[in-house]
Amino acid sequence: MTPPPPLWCRLREHLSHHKAEIQALTRFDVESALAAWTVGEIEDRGLPASFGFSSRQQYYEVAGSLDYIPAITTPTLMLLAEDDPFLG
């Protein structure tokens, strides 16, 4: 069985396929992201500008949920896939 292409490759394919829609609806820098070769580079080049942040790190610090998880007081079941490329 052939393994699936790497995540960065699939992400670039998605960006390329949906380029017109992404450019029409967001400020994501598709052209710059398509020139990247890792998920981190794709995020660095497109993500911050889309949401008005100066860097990917600043975006994750503000938008991330990690700081809120300890404050959850209701019993909560969190599920993630074993092969999740971001949280696995």
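Is Asp44 buried, partly exposed or exposed? In this predicted model, where local features need pLDDT of at least 70, side-chain atom pairs count only at pLDDT 80 or more and totals for chains, interfaces and linings use all residues, Asp44 turns out to be partly exposed, with a relative accessible area of 41%. Residues are numbered from 1 along each chain as its sequence is written, and side-chain values use heavy atoms, with hydrogens and water left out. Buried here means under 20% relative accessible area, exposed means over 50%, and partly exposed is what falls in between (1.4 Å probe, protein chains only).

On to the charged pairs. Side chains of opposite charge can pair when their charged atoms come close. The structure has three salt bridges, a salt bridge being a side-chain nitrogen of Lys or Arg within 4 Å of a carboxyl oxygen of Asp or Glu. One of them joins Glu31 to Lys19, with 2.1 Å between the closest N and O atoms. Glu31 sits in helix H3 and Lys19 in helix H2 (residues 19–25), so this pair ties together parts that are twelve residues apart in sequence. Helices (H or I, at least four residues) and strands (E, at least two) are DSSP runs, numbered from the N terminus. Glu31 is partly exposed at 45%, and Lys19 counts as partly exposed at 26%.

Asp44 pairs with Arg56, the closest N and O atoms being 2.8 Å apart. Arg56 itself counts as partly exposed, at 27% relative accessibility. Through shared partners, Glu43, Asp44 and Arg56 end up in one salt-bridge network.

Glu43 has another tie. Located in helix H4 (residues 39–51), Glu43 counts as buried because its relative accessibility is 13%. The Glu43 side chain also makes a polar contact with the side chain of Tyr60, at 2.6 Å; such a contact is a pair of N or O atoms within 3.5 Å, and within protein one must be able to donate a hydrogen and the other to accept it, with residues adjacent in sequence counting only if both atoms are side-chain atoms.
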